[in-house]
Amino acid sequence: MAKSTIYAGLEIGTHKICVVVGEAKRDGAIKILGVGQAPSRGVRKGEIVDFEKVQTCVNDALVRAEDRSDVMIRNVFLGVTGAHIESLNNRGRHRLPDEQTEISEDDVEEAKEIARSVSIPQSNVFLHSVTRQYIVDGQEAVRQPIGREGRVLEADYHIIHGVRGRVQNAIRCVREIPLEVEDVVFNPVAAAQVVLTREAKMQGALMIDFGAGTCDYVLYEDGMITASGCVPLGGDHITNDVSMALQIPNGRAERLKVEEGSVLYDEVPEGEMLSIEDDTGLILGEIERAFLNEVMNLRTKEILIQVRVRVEDHLGRLGAGIYLTGGVSMMKGIDVVAREVFGIKVTRAGSAPVSGITATFENPQYSAPIGLIRYAQILDSEKPFLSPLKRLGRRMQELLSSVTL
Amino acid sequence: MVEYDRSQSPEGASTAAPRICIVGIGGAGSNVVDRITLDRIVDATLVCAHTDVRVLGHSMAPVKIQLGAELMKGIGAGGDPDLGREAALFSRDQIRQAIENHDIIFISAGLGGGTGSGAAPVIAEIAKNTGALVLVVATMPFSFEGRRRLAQAEEALELLQKRADALVLFENNRMGELILPKDGIQKAFNQADQLIAQSLRAISTITITPGLVKLGLDDLTSALANANGRCLFGFGEARGQNRGSEALKKALKSPLIDSGRLLHQTKNLLVHVAGGESLTLVEVEGVMKQLGRHVPDQTHILFGLGVDAKLGDAIAVTLISSLGLNQLNAHATAAPPSEMLQPRAEAPAPAPAPAPKREIPVKKAPSPYAPPAESAPDLLFKSDEFASVPAAGDAFPLNSLQAEAAKAPTLEQPVAHVEEPPPFDTFEEPAPPPVLAPAPETARIPVRTPAAKELADAARSNSKESTLAAVVARSVTLQTEAAEAQDDLISFDEPEPEFESQPASSGSSATAVLSRKSTAESQQTFSLGEEDRGRFKDTEPSIVQGEDLDVPTWMRLKKKLRR
């Protein structure tokens, strides 16, 4: 086994397509080797609507990433999102055979199997099923049940599932580039791996990845993933609101939002005006700054409220508060609005320190793609060690099964 | 040594196959019969009996009986079991003709309604008198259908219990969980019908087909023996490698068994394993061992084994058991509202609500309140040829006034509920904050969706000068040249009736509140045009509580303020 492994994460976002190449050292450190980015076309609300445009953009990003990192990218971890993705928690209960008192690996497998046999719509497919905890004879929060004495073993699972066709489409789109998809990851799950520290997860934290197309969230409680999901509203909606309120094209509205916009309008002096220029620098007209901010404020607040509605039940137990990440989290004043909406501590956060190009990991826009690298590393460390021959065999198996998918 | 050929055993194929008849009564019953007709899963005479001639016309069963043709004139029983019973009595000769000369008669009915609960006991009695084995497969009504229907169903159940050799009871509330919340109601009912049809087939094959380890009707009844029990049924069939455990897994997956979770409490469990000639002992042993993990030690397992050439290389596992309603409810996570069912289940014999005149056809209806003669057998009808049939003398409640009294609260319940003040009334109470001042009538907007409420709250709390109305006003005045176009976008006139103009004179205040509420609801949905969604116009709409969130927030808020 090599001393370190190189992974590539691909996030097809609504605003940008991003490829991050990272090196995972055996000691757990991650070094970012290169980032390739291209503006995204043909993606709406986190989902691909135009295959060809997206493929061109992914190619652009890929070439840039390969260039900078000097790595040939064959396999990627693909981040997906979209309104169709849902999550639920399920518990599988397994009673040990009578003659047996010690929990064995088979029993754990059995409990897992039962927990996973939850009924999801037929058109849906599991994206993740994460073990939250085991419960042995009613004793909660057991991390490692094998070898313990017990009668009844329960496995508590967090299951994330999405519509098969839509997930499949994203995979197909990437395969045609051609790139091999190693795993599909729900974006916020990946982002949480680098945004939330272990302490934050233990204390309870809600991470909101506020992107252009969607607003994804993951909620951790006692170090366990408890809720996750996607609100199909994002920065594009803010831009759209601005563009329609001011009757200006989308591109200009976007620029206005990023350069001048803020979601705080209370302290804007009355009558402060902003001039709107067209592409040539010609001044088209003036608007009141407070008005722009209020339009943005209304939408931002609404989106955050939509997130709150979905996690309402768990809000009381978040010691570490809210972590805002994603492109929109850079918007001025959003932390104040989020605090207003949720009533708890709000932190704007990018990825936790990783070595490499510093400008990248500090930017909350890259939380999800960097998270993909971290996710890949975690996934690999959980895998049992396989001899190279076995790994080859497994690869072949995967290849074959992927053809029949 | 003389070899004993099992295929030549007396109960084998050499004897004439038992004649089976399946009777579907009422709407639910005829649906099941339709399902069986379509799937052709059981080789049986299929009979559909209904009071409603239209339903009967749609039925696919080869034999159709219109119950009480002269009495009902082809109209349904309208939820009155008395009518259903009388209709069945009127047509009893026809019924007997149709079901005569069968060895086993299945009766399938949905209890709670008029025809199902009324006619099923009568038909069961007729069936019993033909000398056949009578098996009843019935469904209990959904809890949302109300207590009255539940009472009717339980009354019918009591009558059926005495007449049927075995009673398989399904809880509709649990059936609802068969399907996912997203699926259409049509699918839900189809699934339920399918499950019942499947259980019919399983029971008939188990009790009829010859087996290496044979299960009889006695085993079935003991598996189902449970006070106020509901049937747990699971069926799985699998082929190929590992087929035994696959089949068992499928059987356990049946929502009526809830991944084996419900089996933890059962006292008796009937397991039937059937396979083709390739069935091995190891496989059977594996299945039973695997099943053992789901079942506590003290459970009595009634094991049956059959070899059926028709199965080919497949293995079929059938699980049948029953669980008391209390236990079932305690277990079911998405159980029906407990207050609806729990007290019922504890009261052993619920007062049969609308049954003061049960013996009408024979006697000349003495007095509805007169207690019946002590010796009168509990027969649904008396006619010469049936008079000799003994039946347990179970008189109906001594005092029908008591029954009347018991009925009263159930009727009052919904009324009281209606009169609760609707939530948005409180919203109208506070004096309109300055934010809304520009448009005073907007103080009466019924803001109910949480998001909208929040937004409105937010708008109010910002008691600074920048008011929401001002925002909107500014948005209009902002553009000088494009003012008209913008106005078109915003004003978007919808013909919307005012609340105040609603008919407040319509009877009681409760109905007035209701009607007002419903109009408010219909107004809440925005039928904004595609152009309002801007760049999202060709994407999938993000509808939350009737609002398309792709439409700019300010625009939606404005529409609310306008009203």
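Predicted model: local features only at pLDDT ≥ 70, side-chain atom pairs only at ≥ 80, totals over all residues.
## The antiparallel sheet of chain A

In chain A, four strands make up an open sheet whose order is β7-β10-β8-β9, and the pairing is antiparallel. The edge positions are taken by β7 (86-95) and β9 (139-142) of chain A, each of which pairs on one side only. Between neighbouring strands of this sheet the turn is 35° on average, with direction ignored.

Within the sheet, strand β8 (residues 124-136) of chain A is joined by eleven bridges to strand β10 (residues 152-163) of chain A, and the two run antiparallel. One position can be followed in the structure above: A:Q133 has A:D156, in β10(A), as its bridge partner. Helix α2 (residues 105-116) of chain A lies across β7, β8 and β10 of that chain, and its direction is at about 140° to β7(A).

## The parallel sheet of chain B

Chain B contains an open sheet of six strands in the order β3-β2-β1-β4-β5-β6, with parallel pairing. At its edges stand β3 (63-66) and β6 (166-171) of chain B, and because each has a single partner strand, one side of each is left without a neighbour in the sheet. From one strand to the next, the twist averages 15°.

Strand β1 (residues 20-25) and strand β4 (residues 104-110) of chain B run parallel and are joined by six bridges; in this pair, B:V23 stands opposite B:I107 of β4(B).

## Helices on the chain B sheet

Helix α1(B) lies across β1, β2 (45-50), β4 and β5 (133-140) of chain B, running at about 125° to β4(B). Helix α6(B) also lies across β1, β2, β4 and β5 of chain B, but runs at about 170° to β4(B). Helix α1 (residues 26-39) and helix α6 (residues 114-129) of chain B pack with their axes 6 Å apart, at an angle of about 80°, and they are therefore roughly perpendicular to each other. The residues making this contact are B:G26, B:A28 and B:G29 from α1(B), together with B:T115, B:G116 and B:A119 from α6(B); by class, two are nonpolar, four are polar and none is charged.

Helix α6(B) also packs with helix α7 (residues 147-163) of chain B, here at an angle of about 0° and with the axes 9 Å apart, so α6(B) and α7(B) are roughly parallel to each other. From α6(B) the contact includes B:S117, B:A120 and B:P121, while the residues from α7(B) include B:Q152, B:A153 and B:A156. The residues of the α6(B) and α7(B) contact divide into seven nonpolar, two polar and three charged.

## Buried regions

In soluble globular proteins, nonpolar side chains tend to be buried together. In this model the largest nonpolar core has 110 residues, and those with the most contacts inside it are A:V20 and A:M207. Helix α8 (residues 289-311) of chain A supplies the largest share of this core, eleven residues. Leaving aside residues up to four places away in sequence, A:V20 touches several others, including A:A8, A:I32, A:V35, A:Y366 and A:I373. Another core lies apart from the largest one; it has 100 residues, among them B:I25, B:L89, B:F170 and B:I315.

Conventions: Residues numbered from 1 in each chain as written. Chains lettered and ligands numbered in written order. Pairing = 2+ DSSP bridges. Axes fitted to C-alpha atoms, helices over the stretch in contact; angles between N-to-C directions. Contact = placed C-beta atoms within 7 Å. Core = buried A, V, L, I, M, F, W, Y, C linked by C-beta atoms within 7 Å. Buried ≥ 20, exposed ≤ 12 C-beta atoms within 10 Å, placed from the backbone. Parallel < 35°, antiparallel > 145°, perpendicular 65-115°, else oblique. Nonpolar A, V, L, I, M, F, W, Y, C, P; charged D, E, K, R; others polar.
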